[in-house]
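Subject: A structure for you to look at

Hi,

Here is the structure I promised to pass on to you. Please open it and keep it beside this email while you read.

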Amino acid sequence: MQTDITYVALLSVIDQVKHCISNISATWNTERECDHDLMRALTSHAVGRDINSAIYWLFIRLYLATALATDSDMRVPLPPSFPYFTEVDIVADPFEMVFFYAYRPLWLCARAIQFVHNEEVSPHLPPLRIWTQLVEELQQWYRERPREFQPMLELEMNDQLAGPETSFPVVLFANGAGLFGNQLYHTAMLILLHNRPRTARIADFHSVAMSPLWHAQRICSIALHNDSRECWDPCLLASFLLAARRMTHESQQHEVVRGFDRIRTVTGWDANNSLQSLRAEWCLLDET
């Protein structure tokens with residue numbers, strides 16, 4: 001039975017990756033049914049080092065990318081909680097550290113999407129409680145990031161070192177795991193802040209972290225400085241698209257367009273259809 005699950009799951013995820021790589025825009029615009037039985041079987045392997053765990057999280061990345069790009073629900077089962085590793089575990093085993101700090105924001109971002117699109121995500125808890133818990137978990141992740149997951153360079157737009165031509169802050173990471181985890185942290189926060197319950201108290205959190213624009217600008221900065229093909233994946237591209245929709249200044253929009261052109265050169269992914277939709281949204285913003 002175990003071999004059958006692995007075999008079926010591997011063939012299925014390879015098929016989805018093939019479609020995504022060959023035409024990412026068409027993949028996002030095509031309704032693909034989720035094999036819920038297969039995903040439920042894989043969920044029990046979400047935490048581990050075997051191939052089933054790797055397949056499960058690859059599925060999550062692909063479904064997350066589609067959800068972000070199309071503003072839709074993921075409709076896939078997620079682990080009810082993310083495993084907690086002690087500081088001793090993380091220090092003793094670098095794998096545990098990378099897994100915890102890279103995949104926890106992925107899981108939280110997926111949960112944020114399900115919270116926004118599915119009122120029954122947790123029927124026993126009121127929406128305000130769920131929203132607050134998600135924000136608290138994201139802020140905890142941000143505060144406790146190890147040095148490897150912190151930017152090696154971070155310059156604000158008003159910093160003279162950034163230069164007058166810079167429309168975004170400069171946020172650079174030394175490794176792909178740090179880049180991935182931080183971009184999805186900002187993405188999850190952006191989603192939650194744009195869907196904040198009216199009764200939510202944001203004064204209890206750090207003021208800057210409660211600014212949707214702050215998160216959107218950092219997503220764009222991280223994406224614009226991601227020059228490594230091996231550090232790109234579809235959910236990061238869709239995250240960039242989501243944040244780019246919030247950019248209202250013409251200089252920022254030009255940088256975003258150049259960024260998508262560079263991503264196409266680096267990865268081969270042609271997101272021109274999504275870019276055309278983005279330009280149309282920007283025109284509507286200008287008109288209002």
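Predicted model: local features only at pLDDT ≥ 70, side-chain atom pairs only at ≥ 80, totals over all residues.

**Salt bridges**

Side chains of opposite charge can pair when their charged atoms come close. How many salt bridges does a search of the whole structure find? The search gives 12, and here are some to look up.

Start with R104 and E137, whose closest N and O atoms are 3.6 Å apart. This pair links distant parts of the chain, since R104 sits in helix α6 (residues 94-117) and E137 in helix α7 (residues 127-144), 33 residues apart. R104 has a relative accessible area of 7%, so it counts as buried, the cut-off being under 20%. R104 and E137 also belong to a network of salt bridges together with R111.

Next, look at E154 and R218, whose side chains meet in a salt bridge at 3.5 Å, N to O.

R147 and E148 form another salt bridge, at 3.9 Å from N to O. R147 is exposed, at 66% relative accessible area, while E148 is partly exposed, at 34%.

**A nonpolar patch on the surface**

Which residues form a nonpolar patch on the surface? They are Y7, V8 and L11, and together they have about 310 Å² of accessible area. Y7 belongs to helix α1 (residues 2-22). With 55% relative accessibility, Y7 counts as exposed, because the cut-off for that is over 50%.

E33 is in the loop between α2 (24-29) and α3 (36-43), and it is exposed, with a relative accessible area of 66%.

S274, in helix α12 (residues 272-287), is buried, at 14% relative accessibility. Leaving aside residues up to four places away in sequence, S274 touches S25, W28 and L241.

Enjoy exploring, and write back with any questions.

Best wishes

Terms used: Residues numbered from 1 in each chain as written. Heavy atoms only, no water. Patch = residues over 30% accessible without salt bridge, like charges linked within 9 Å, V, L, I, M, F, W, Y side chains within 5 Å. Areas by Shrake-Rupley, 256 points an atom, 1.4 Å probe, with all protein chains shown as cover. Salt bridge = Lys/Arg side-chain N within 4 Å of Asp/Glu carboxyl O. Helix = DSSP H or I, 4+ residues; strand = E, 2+ residues; numbered from the N terminus. Buried < 20%, exposed > 50% of the residue type's maximum accessible area, 1.4 Å probe, protein only. Contact = heavy atoms within 4.5 Å.
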